[in-house]
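Hi,

Here is the structure I said I would pass on.

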Amino acid sequence: MREITLEAEVRTQYGKRAKAIRRQGNVPGVYYIHGEPNIAVTIPEKSLKPLIYTSETHIINLKLNDGTGKNCIIRDIQFDPVTDRPVHFDLQGIRENEEISVEVPVTLVGGTPVGVRDGGIVQQIIHRLKISCLPKFMPEHIEVNVAELKINQFVHVRDIKLENMLVARPLHARY
């Protein structure tokens, strides 16, 4: 699991005053974890882009301007419907000894499958899986080897072997 350091400022402007924060090129957000008070933060939009526009899952080492540090993951991001720029984000705090549920992307590996060479096509129906695990076991992505798939063969979620984690449910599945 790759860990990314992100520097943030604790903010005091809330509500409609957050527009001024966005005009300065920053994005308002909130850090939360159960048992502790929420912390309103602001991060430059440039610093947030590598976390938003990636298909991998990362643990964020959040460094606040008051000298404290927190470990967290991105739980939610809200975008402007016209400009598609981020307008708000949520960071969920994590603890080393507590399991978390997180969506992890599924990546197909192994090159061109046998069935494709025989004239078939590969259809990936599930692109993300929701898993539960300790933060130290959280993968950036889940790799599924499709090299030996022939025409009309499938890889089911139950066929994917994951160590130290539990698949909660498939996301974006067709039933």
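Arg85 is partly exposed, at a relative accessible area of 41% (buried means under 20%, exposed over 50%, partly exposed in between, with a 1.4 Å probe and protein chains only). Bear in mind that this is a predicted model, where local features need pLDDT of at least 70, side-chain atom pairs count only at pLDDT 80 or more, and totals for chains, interfaces and linings use all residues. Residues are numbered from 1 along each chain as its sequence is written, and side-chain values use heavy atoms, with hydrogens and water left out.

Arg85 pairs with Glu45 in a salt bridge, with 2.6 Å between the closest N and O atoms (the rule: a side-chain nitrogen of Lys or Arg within 4 Å of a carboxyl oxygen of Asp or Glu). Glu45 sits in helix H2 and Arg85 in the loop between E5 and E6, so the bridge ties together parts 40 residues apart in sequence. Helices (H or I, at least four residues) and strands (E, at least two) are DSSP runs, numbered from the N terminus.

Glu45 itself is buried, at 10% relative accessibility. The buried residues of H2 (45-52) are Glu45, Leu48, Leu51 and Ile52. They span an arc of only 110° around the axis, so they lie on the same side of H2 (the arc is taken from the directions from the helix axis to the C-beta atoms).

The count of salt bridges comes to 5. Another one joins Glu36 and Lys70, at 3.7 Å, N to O. Glu36, Lys70, Arg95 and Glu98 are linked in a salt-bridge network.

Cheers
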